[in-house]
Amino acid sequence: MNCTDECRKIYVDNAATTKMSKTAINAMLPYMDGVYGNPSSLHSVGQKANEALVSARERIAKCLGCTAREITFTSGGSEADNQAIISAAKLGEKKGKKHIVSTAFEHHAVLHTLEKLKKEGFEITLLDVHENGLVNAEQVKAAIRPDTCLVTVMYANNEIGTVQPIKEIGAVCREKGVVFHTDAVQAAGHLHIDVQDQNIDMLSLSAHKFHGPKGIGVLYAKKGIVLANLIDGGAQERGKRAGTENIPAIMGMAAALEEACENIDQNAKKLTALRDKLIAGLSEIPHSILNGDAKQRLPGNVNFCFEGIEGESLLLLLDDKGVYASSGSACTSGSLDPSHVLLAIGRVHDIAHGSLRLTLSEENTDEEIEYTIRAVKDVVEYLRGISPIWRDLTEGKKEFIIK
Ligand SMILES: *Cc1c(COP(=O)(O)O)cnc(C)c1O
């Protein structure tokens, strides 16, 4: 590659969002231009749009192993999480069940919804995710009570990428007769999903995390689970989510999901190799630590803490070198609070502040990974060189936390 540092653009923030695939863009275009009808209209322009809607729902259902009737289109992962949790809570409340089990490192779309329910008298148990960022089915089993109405555990964590034993957790929930929801926003298109085989009752996904458009997602709810409306109005989505359907985005999402699922094993293999190369390279930096289990993690996720480093400065200097990364979730950057995920796996504040998340896509190359490793090494060394904290650490006035 004959590229100077100035022209580099290495996008390694795919957990925040992904570039749309050509397949997804091409699938959308006809529905912005020719087939622009409202699927609720009875005339043929509307009916053409409705045919597209019906087929997209079927194609997405097929990717998840459910039926088309079990798919509800939402504005994205956040809305799907909110609707899933509120629905299960309302159903539970009717039976006098007001206890919910979740984990300490869920996405804020889950955690903030649970906090809201807490104010309405629900009791919430947040499971410990251990230093490796994993929960197990035994913990879930022990936490379930006679008044538990919902277990919600994310499939893969958006910051540290750890992959939870969803099928086993689902089996425990089935055995206990408790609804099981999983936020699969990071997993969809990257890890295999089969809601029947994996005992999943409700699942959220979002198109922009697998090369589809932003602002569109899916809530899968198993037949028999009655959804509560977050948005009232027209009779779209079987009366459970009002508003004219975003047909172009839905078509883009269907195409992106099919494409991702067709290539899932091949992409995972490629990403795992790049990921492990990146982990090996960054592990050479002294006083650094990988966050989350090294193997039970998303194929494209790398997350490190570097002692004596401030995450924001690291990101800005990497940006200068053409490496686009993140220090945690996009939602928490800009605030000075350390990541709740890193705190949940036991990182202390000072260490959690020095975090770096690099999330890969199929488009990243070996050469880009090599450049990224060099760039991170250089920037960490530079920042440590001008840091008074680092001086205290090396002079023995302060003790290293990361050995
Ligand atoms: C991105 C993300 C969400 C939110 O999805 P949006 O479509 O951006 O609302 C929820 N959960 C997880 C795990 C995510 O990574």
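The radius of gyration of this predicted model is 22 Å, and a compact globule of 403 residues would have a value near 22 Å, so the protein agrees with the expectation for such a globule. Along the principal axes, the C-alpha trace spans about 75 × 55 × 35 Å. Within these dimensions the secondary structure comes to 13 helices and 12 strands.

One part of this architecture can be followed in detail through strands β3 and β4. Strand β3 covers residues 99-103 and strand β4 residues 123-127; the two run parallel and are joined by 5 bridges. Within this pairing, V101 stands opposite T125 of β4.

The ligand site draws on another helix. Helix α3, comprising residues 77-94, contributes 3 residues to the shell around the ligand, the most that any element gives. In total, 13 residues surround the ligand, and the closest are S78, D183, Q186, S206 and K209.

D183 places a polar side-chain atom 2.7 Å from a nitrogen atom of the ligand. On the oxygen side, a polar side-chain atom of K209 lies 2.8 Å from an oxygen atom of the ligand. The backbone takes part as well: a polar backbone atom of G77 is 2.8 Å from a ligand oxygen atom.

Technical notes:
Residues numbered from 1 in each chain as written. Predicted model: local features only at pLDDT ≥ 70, side-chain atom pairs only at ≥ 80, totals over all residues. Heavy atoms only, no water. Near = heavy atom within 4 Å. Polar contact = N/O pair within 3.5 Å; in protein donor to acceptor, adjacent residues only side chain to side chain. Helix = DSSP H or I, 4+ residues; strand = E, 2+ residues; numbered from the N terminus. Pairing = 2+ DSSP bridges. Rg over C-alpha atoms; globule rule 2.2 N^0.38 Å.
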